[in-house]
Number of protein chains: 4
Amino acid sequence: MNARRTDLALEAHALFRAAQRDNAVDGLTLTERTRRGCAVTTVTVESETASRALGKPRGTYVTLDLRALSPEDPAYTERASLALRDELRALLGHAVDTALVVGLGNRAMTPDVIGPRAADHVPATRHLKSCAAFGALADVSVLTPGVLGTTGLEAAELVRGAVETVRPDLVVAVDALASQSLGRVCATVQLTDAGIVPGSGVGNHRRALTRETLGVPVLAVGVPTVVDAATLALDLLDEAGADLPDPAALRGQGSVMVTPRDIDARAEQLARIVGFGVGLALQPSLSLSELRALID
Amino acid sequence: MNARRTDLALEAHALFRAAQRDNAVDGLTLTERTRRGCAVTTVTVESETASRALGKPRGTYVTLDLRALSPEDPAYTERASLALRDELRALLGHAVDTALVVGLGNRAMTPDVIGPRAADHVPATRHLKSCAAFGALADVSVLTPGVLGTTGLEAAELVRGAVETVRPDLVVAVDALASQSLGRVCATVQLTDAGIVPGSGVGNHRRALTRETLGVPVLAVGVPTVVDAATLALDLLDEAGADLPDPAALRGQGSVMVTPRDIDARAEQLARIVGFGVGLALQPSLSLSELRALID
Amino acid sequence: MNARRTDLALEAHALFRAAQRDNAVDGLTLTERTRRGCAVTTVTVESETASRALGKPRGTYVTLDLRALSPEDPAYTERASLALRDELRALLGHAVDTALVVGLGNRAMTPDVIGPRAADHVPATRHLKSCAAFGALADVSVLTPGVLGTTGLEAAELVRGAVETVRPDLVVAVDALASQSLGRVCATVQLTDAGIVPGSGVGNHRRALTRETLGVPVLAVGVPTVVDAATLALDLLDEAGADLPDPAALRGQGSVMVTPRDIDARAEQLARIVGFGVGLALQPSLSLSELRALID
Amino acid sequence: MNARRTDLALEAHALFRAAQRDNAVDGLTLTERTRRGCAVTTVTVESETASRALGKPRGTYVTLDLRALSPEDPAYTERASLALRDELRALLGHAVDTALVVGLGNRAMTPDVIGPRAADHVPATRHLKSCAAFGALADVSVLTPGVLGTTGLEAAELVRGAVETVRPDLVVAVDALASQSLGRVCATVQLTDAGIVPGSGVGNHRRALTRETLGVPVLAVGVPTVVDAATLALDLLDEAGADLPDPAALRGQGSVMVTPRDIDARAEQLARIVGFGVGLALQPSLSLSELRALID
């Protein structure tokens, strides 16, 4: 049993490999390449065995690592947005006419703002359709459903209502994730066609946003913003080459999710990148500056 | 034709009376009383003639004037919340088991935050129903649907979806209104069973939140936060006893809605009062401090 | 006695002209020209007579009118910032080595955020002076002193302390102003070498930020964000060609400053323009994108 | 050499004890007691030897542990504020006529908002002194100097200017601290008469806020909000009874300060407690509800 918590298929794959000598699992593959200078890792989970091995539903999981770009570079946001746009288009495979973008998470909790703040940077166009000037745009709606604790409503319930209203070809759901590595926090983006379960990795059908529950394809875009304290400790030990203690013993004060001290600025930056990347992927006719002019 | 813009039935009634010598309109009544020291005016619109006269749908419109209370009084928020709770209960007539509270408006525009910020102060309880400790609570959900310009979705579309999900006995919709008087801004609350059309007084069936469009009773709670500049000028002239110019001529720079300079603090204060008043009306078993403990 | 309230020398001049048949006042001049397509009006107040006539201290008052530019233009912020930079440089006449930028006003009140938010967009460089890479930059400090009601300290007291610490060649003070015209709100910028009295047009030596009180030149940058309700009414009447009532009679509900309903977005936009314009005027070696890279 | 980072004298003392068999250090004492049910630990550092042993300047360090109180208790804020007020009064020993409260830190970084947000909850009264109604109040000013990176000014420079202006009997400086324990984050408050160096434990005379640099007594109030990742790992291992690796080896990704995922709500709550506790300690004639009425 693995004590390390992660929402990244990339990390789950590495943990599985480390635990298994015999790594020939049918239907599980990992490939690496680069996109605009950034490392891109694709994990495909195609069999039930592979799904159980990784604890992830079947699907394709693409991780874009932005660490090759420098956040101090004035063009960082643009470069990262374009790399994300390209990966999103590659995973989609074709243009969509109508999309619903969903920003999951709690605006009042900094490591959870990625979804809502990314949604703020995607221009809604559905209500502009009748304008001649915008005839070439895809029809995009944007929903930030909030969280159960303040609304009494599962995000999935509101998303289902919006799906019935706009009947999109695609739902794009943005959420914050847990990683096992501080280095990946606000520096990587995971894309997957496997959908998402808001607020947890635990399967809960009522809460899931998937093709099965919504009736349309769901593209999930996740950004790691938190690390489990015990997982962090184990990883620091690993790097230090130290002996690993019993993971269960670390669960004292460790069942706490932590986030870097400067998460505000980092989450804001990634939210813009994700919002712009999603917006550009959905609106092939727009440049980044045209997209931004639609938002401001 | 009346050039003064107002969303308050109370003001529409006064304008109508001022314009008409013969004020005997069937089905239109106005009564005044006090509640916890505050003036309460009830306008009932019961006939088609009365509806046309006031430009308001049929229904009961109750205006609670908080100006008898002093905002500097440390107990102001509590006193105003209790007065509002009492009026809401009187208008409802009975307790409800399940309610959906909707905070209409744009969080990014200060005079428009009343709806969303009031919703922030109503505790959602729907997800707590299974807890024994909360068995006695009404089942309340809270929705802040945002505005068309940033979501591409009419608020009414999202509300319809939420109504189908939670099947409430009642929808309470909170919104900002236009008054013709600066003195009423953030100092009065209008309650009505006639429903509401977000963002405008213009009838637009697709956008209306009414018993007809939602299939459940709708209680609208409105707080005036803006005044039309030309209406303001006419009112200042009236008070000064000056001759009134042709209203149409005032429409130059006057087709602008204005709001007091200190609207931030005043809207925040009224949002708390409305949120607490609505929360207390829906949860008869809770005191104000118990209600607040559910929110913080 | 003039009943209309304005902080703009341009408007005070027009009111004075309208009231006086004989407009030959020694030491009072008004000239008009354009800068990058924008109208620029310069009022100079050079005599004691002129100062009394306008109710303004002696000095040069430059008003830049941005209404020739379109806020919908994606390049609006850049164009307006460059026009403001050019006017600031022309008024300064020479480069400065060390400057203190002061953002006056209350962050918690939307029409008053211009000063603090503009200051947020001016990069502080004083602490970077020892870095080789930034050797060519002017030494800029940025202070947002808050308001008396929440600090117990006059802004001028804190500014004096900061002036003693950094010993600047120049203080640039940004503040919100009152105009008599809604059309000028967040659409014009007034620059003056006459200094500023935070929070009011009333002379109060202890509170003034002037060359006399601080010992260094003070360049005040003001943006109108509010209009007095009674002044607004009088102006609407003037436009309508109506008879004007006794101004004093309008002071009933009229002694209230109002602001447009959409002040949040407009103040934020002007704050960026002012911050960028001031930053560029103080750092002649930087382009706008280099300046922005220092802030983000 | 100790690899664990902490700003808490309590933790530094425990680390020193653990490292030393012979714990008889002259001038170093630790005593424990309770205050309103909360554990209070006092460390006194009275000799140069003790100061070197702990890496802390001489002084008295009082840690108030709020974990005996329940954050879910509706009276939590009040109880914690009163416990803090009592400890502050005990450390002060006498009432002060004039105080300057300084909220250190960066408002734009959640774990750093404790200082500025606590300052927001302390009512400034200096400007009210001339009102008869407030004759009995101490004369309190409140300063939030911001951070060097955005102002170009050391906080200490601005504080010195404010001290010269208001000539207080006491400076109270509130800041965020680093702890070695996640459990103490936003759950303990350290008070000390030894002053404070904003932004770091490293001695930097220009930046220090102490009786020596300011000329008046300085009471520092600190709340731990961050934990060093490597320190966290070592502590989790200690609790798990595991062998400890070479601390230096943990410094890979570990030289990062982390904070709990829900830091927004926790920091806001502690800021209120600290602001109220400081306000009540400075204004012995006010109850908590009277104090709050002065702020809202």
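This is a predicted model: local features need pLDDT of at least 70, side-chain atom pairs count only at pLDDT 80 or more; totals for chains, interfaces and linings use all residues.
Reader: How many residues are in contact on each side, and what area is buried between chain C and chain B?

Author: On the chain C side 33 residues are in contact, and they meet 33 residues of chain B. The area buried between the two chains is about 2700 Å², and carbon and sulfur atoms give 65% of that.

Reader: How many salt bridges are there between chain C and chain B?

Author: The count is two. To spot one of them, find Arg261(C) and follow its side chain to Asp112(B), where N and O are 3.6 Å apart. A salt bridge here needs the nitrogen within 4 Å of the carboxyl oxygen, so this pair qualifies.

Reader: Which way do strand 9 of chain B and strand 9 of chain C run, and how many bridges join them?

Author: They run antiparallel, and three bridges join them. For a landmark, go to Val258(B), which stands opposite Pro260(C) in strand 9 of chain C.

Reader: Let's move to chain D and chain A. How do I read the way two copies are related?

Author: Here's the general idea: two copies of a chain are related by a rotation about an axis and a shift along it. In this model, a rotation of 180 degrees with 0.0 Å of shift along its axis superposes chain D on chain A, with an RMSD of 0.0 Å. The two copies are therefore related as by a two-fold rotation axis.

Reader: Which C-alpha of chain D is nearest the axis?

Author: That of Ala233(D), at 2.1 Å from the axis. The same surface serves both copies, too: 100% of the contact residues of chain D recur in chain A.

Reader: How many residues of chain D and chain A are in contact, and what area is buried?

Author: There are 33 residues of chain D in contact with 33 residues of chain A. About 2700 Å² is buried between chain D and chain A, with 65% of that area from carbon and sulfur atoms.

Reader: Which salt bridge could I look for there, and how many does the interface have?

Author: Two salt bridges are found across the interface of chain D and chain A. Polar contacts between chain D and chain A come to six residue pairs, both residues at pLDDT 80 or more.

Reader: What gives the largest share of the side of chain D that touches chain A?

Author: Helix 8 of chain D does, with nine residues. By class, that side has 20 nonpolar, seven polar and six charged residues.

Reader: Where do strands meet between chain A and chain D?

Author: At strand 9 (residues 257-260) of chain A, which three bridges join to strand 9 of chain D, the two running antiparallel. Within that pairing, Val258(A) stands opposite Pro260(D).

Technical notes:
Residues are numbered from 1 along each chain as its sequence is written. Chains are lettered from A and ligands numbered from 1 in the order in which they are written. Side-chain values use heavy atoms; hydrogens and water are left out. Copies are superposed by least squares on the C-alpha atoms of residues with pLDDT of at least 70 in both. Contact means heavy atoms within 4.5 Å. Buried area is the accessible area (1.4 Å probe) that two parts lose on being put together, summed over both. A polar contact is a pair of N or O atoms within 3.5 Å; within protein, one must be able to donate a hydrogen and the other to accept it, and residues adjacent in sequence count only if both atoms are side-chain atoms. Helices (H or I, at least four residues) and strands (E, at least two) are DSSP runs, numbered from the N terminus. Ala, Val, Leu, Ile, Met, Phe, Trp, Tyr, Cys and Pro count as nonpolar, Asp, Glu, Lys and Arg as charged, and the others, Gly among them, as polar. Two strands pair if DSSP finds at least two bridges between them.
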